[in-house]
Amino acid sequence: MLSILGYNAGPLLAQSILGLINGAFYALLSLGLAVIFGLLNIINFAHGALYMLGAVVAWVLLNHLSLGYWPSLLLAPLIVGAFGVILERTMISKLYKLDHLYGLLLTFGIALIVEGLARNEFGSSGMSYAVPESLRGATKLGFMIMPTYRLWVVVASFVMCITTWFVLEKTSLGATLRAATENAALVQAFGVNVPRLVTLTYGAGVALAALAGVMAAPVYSVNPGMGSNVIIVVFAVVVIGGMGSILGSILTGFGLGLLEGFTKFLYPQGSGVVVFVLMVIVLLTRPAGLFGKAT
Amino acid sequence: MELSRRALLGTTAALAATTTTTARAQSKPVIKIGVLNDASGPYRDTGGKSSFICTQQAVEEFASQMNGYTVEVIYGDHQNKPDVGAGLARQWYDRDGVDMILDVPTSSVALAVAGVAKEKNKCHINIGAATADLTGKACAPSIVHWSYDTYMLAKSTGGATVKAGGDSWFFITADYAFGQQLQRDTTSFVTAAKGKVLGAAPYPFPSTTDFSSFLLQAQGSGAKVLGLCNAGGDTVNSIKQAKEFGLDMKIAAMLMFITDVNALGLDVAQGLRLTESFYWDLNEGTRAFTNRVKPKTPDNWPNMIHAGCYAATLHMLKAINKIGPAAAKASGSNIVDAMKSIPTEDDCFGKGVIREDGMAMFPSYLFEVKKPSESKGKWDYYKTVNVTPAAEAWRPLNEGGCYFIKA
């Protein structure tokens with residue numbers, strides 16, 4: 001057995017790995033939120049519902065069109081992303097000039113409607129979604145059993161996060177996007193279609209949520225309420241990381257997963273609030289978040 | 001559009017006819033039943049609209065025997081919030097003339113609504129909530145508890161598991177009234193049978209979706225049995241994840257409905273043991289009942305809550321027949337006293353009685369979930385392992401602490 005300072009480190013190590021797995025979901029979800037907030041200034045409360053929609057679409061693809069996990073991993077984000085584009089064009093785009101609060105209320109309303117419709121159609125018990133054949137099984141690590149699928153979630157989410165960060169921070173597309181949020185009129189003058197850029201960005205943020213949904217489907221049951229459970233924590237992640245900071249939300253996502261994991265081990269009753277306690281501390285000491293730039 | 005004289009006359013005549021029917025209907029007193037449960041949240045499938053449908057079914061079947069009254073059934077959503085539930089209960093009793101509130105799952109809401117019923121001496125028949133306090137500390141002469149409670153679940157599932165050699169336990173518990181009570185009741189059966197409880201992880205409800213951390217703690221405790229003191233989606237997720245992490249403990253899902261088994265799928269759920277007081281494929285009567293309501297709720301077959309709504313309504317109507325609608329409308333305890341004075345008999349639960357403290361006494365069934373190869377079709381999920389007779393299934397009368405029961 002492993003030991004640190006005489007303590008048996010096995011359980012602690014196991015809990016940190018579990019924390020990282022949850023952190024992977026937090027990171028992926030908060031990434032989409034951060035992209036949307038950072039570039040569009042919209043507090044997208046519908047994010048949880050769209051994450052749920054990703055899982056539901058994957059379930060429908062499997063059960064009605066016999067399309068398995070791998071095609072769904074691509075198709076569900078595309079379908080839900082397209083839905084996001086429609087939402088942005090028909091409703092959200094009308095609110096860019098108004099206070100943040102309007103966008104928040106609108107997207108919150110959208111979330112309630114989407115969840116209500118899903119509940120009406122699929123019930124509330126949840127629907128099972130099997131782990132894909134190629135990712136079944138588990139590895140014995142000595143101190144715990146690591147399901148292959150969860151390992152895949154961590155790796156895939158990490159790759160997705162780095163890619164998004166790279167595109168936004170290191171490519172000319174990302175530079176244009178960031179410029180468009182700084183000064184839309186100027187960028188438009190250079191011949192860039194800014195409204196379309198903004199629409200596609202929203203679509204991409206939504207697609208990230210849906211991707212997280214597909215990855216979550218085999219782990220948690222596909223359930224119309226799955227988004228509202230996680231969205232508040234994910235918002236806390238974004239706030240702690242610094243509203244709109246891409247790198248901040250990735251690191252905070254994984255970090256909070258770890259913190260929550262330890263709390264579940266040491267004091268399970270506190271696992272629901274530990275994230276928010278940290279949020280309060282961060283807001284009091286660094287109002288712009290850990291990685292945000294003070295304005 | 002031109003209105004012809006004939007059409008106008010016809011409409012007037014029709015209107016007159018409608019008014020008369022209403023007037024005639026109004027001459028008979030109306031008994032009003034309010035079905036109150038979670039219509040849109042996590043417990044929607046275990047109760048929800050199907051509870052309303054089964055209540056209506058009982059009213060329809062009994063319609064020809066109603067003695068000088070008619071019955072109206074209304075439906076409301078308490079959103080699993082005690083304040084919403086209690087508020088709606090007050091409005092129903094005070095303003096809308098509701099005579100009986102039925103179902104009310106979620107123990108915290110149930111206790112709030114029971115408080116209102118007790119204060120106003122109005123009838124409340126609880127089907128959906130687990131808390132055994134409804135016939136104990138929170139009992140009232142106008143309250144009946146039907147179908148199941150934490151004591152009965154703990155005794156049937158807990159007792160049988162210890163007997164089968166599962167003598168050391170670890171609990172994963174939803175940290176609110178229901179989960180805590182279920183853990184407490186199960187613990188007392190485990191320790192009474194010389195078993196040991198090695199630990200527990202009480203988790204925040206309802207915000208937890210990942211149970212892997214608690215499962216690992218359970219594994220680390222060295223206990224033989226994992227007791228799940230939670231319900232609905234939480235139970236489903238716990239079991240799924242236990243399988244994923246290759247947990248080599250016996251799982252005792254302390255509260256689980258056939259709807260949850262359906263959500264898990266037999267692949268994952270096979271071999272689990274759980275307790276219900278009703279299963280659609282138990283006997284002639286249960287099958288006949290299920291066939292009658294199935295067309296109205298095809299995707300959600302009845303569980304013990306739905307069956308309870310049907311059976312309790314039927315029994316209440318028999319009681320009202322006995323005392324007459326005037327006495328029934330006068331006070332809730334009149335109805336409940338009459339319900340206690342006659343034996344129950346229906347397709348779902350067979351013959352039974354309602355005890356002085358308001359507990360409806362039926363046998364409880366310990367079921368094992370079938371293997372996929374054993375299941376012959378849709379919703380064919382259970383085989384019966386053990387039956388606890390009515391007299392032994394429920395908490396002894398003198399142990400509940402109900403104030404009007406003399407020890």
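Select A:Leu29 first: setting aside residues up to four places away in sequence, it touches A:His47, A:Tyr51, A:Ala209, A:Ala212, A:Val230 and A:Val234. Two residues are in contact here if their C-beta atoms, placed from the backbone, lie within 7 Å.

Before going on, some ground rules. This is a predicted model: local features need pLDDT of at least 70, side-chain atom pairs count only at pLDDT 80 or more, and totals for chains, interfaces and linings use all residues. Residues are numbered from 1 along each chain as its sequence is written, while chains are lettered from A and ligands numbered from 1 in the order in which they are written.

Buried means 20 or more other C-beta atoms within 10 Å of a residue's own; exposed means 12 or fewer, partly exposed lies in between, and C-beta atoms are placed from the backbone. Colour chain B by domain next. The core draws at least three residues from each of domain 1 (28–148 + 282–362) and domain 2 (151–276 + 364–388) of chain B; the bounds come from an automatic or database domain assignment.

**Chain A**

Helices (H or I, at least four residues) and strands (E, at least two) are DSSP runs, numbered from the N terminus. The radius of gyration of chain A is 19 Å, close to the 19 Å that the globule rule gives for 295 residues, so chain A is as compact as a globular protein of that length. That radius is taken over C-alpha atoms, and the rule is 2.2 Å times the number of residues to the power 0.38. The C-alpha trace spans about 65 × 50 × 35 Å along its principal axes. Of the 295 residues, 52% count as buried.

**Where chain A meets chain B**

Bring chain B back. The contact takes 31 residues from chain A and 36 residues from chain B. On chain A, pick helix 1 (10–40), helix 4 (100–122), strand 4 (145–147), helix 9 (226–241) and helix 10 (246–266); these elements give two or more residues to the side that touches chain B. Helix 1 gives the most, with five residues.

Move to A:Gln269, in the loop between helix 10 and helix 11 (274–285) of chain A. With 13 C-beta neighbours inside 10 Å, A:Gln269 counts as partly exposed. Leaving out residues up to four places away in sequence, A:Gln269 touches B:Asp175, B:Pro202 and B:Pro204.

**Helix 7 of chain B**

Select residues 212–221 of chain B. Eight of the ten residues of this helix 7 are buried, so it is largely enclosed by the rest of the structure. Among the buried ones are B:Phe214, B:Leu215 and B:Leu216. What covers them? The cover includes helix 1 and helix 10 of chain A, together with strand 6 (168–174), strand 7 (196–203), strand 8 (225–229) and helix 8 (232–244) of chain B. Step on to B:Gly222, which follows helix 7 and has a positive phi, near 80°.

**Chain B as a whole**

Zoom out. Chain B has 15 helices and 15 strands. Buried residues make up 56% of its 407 residues.
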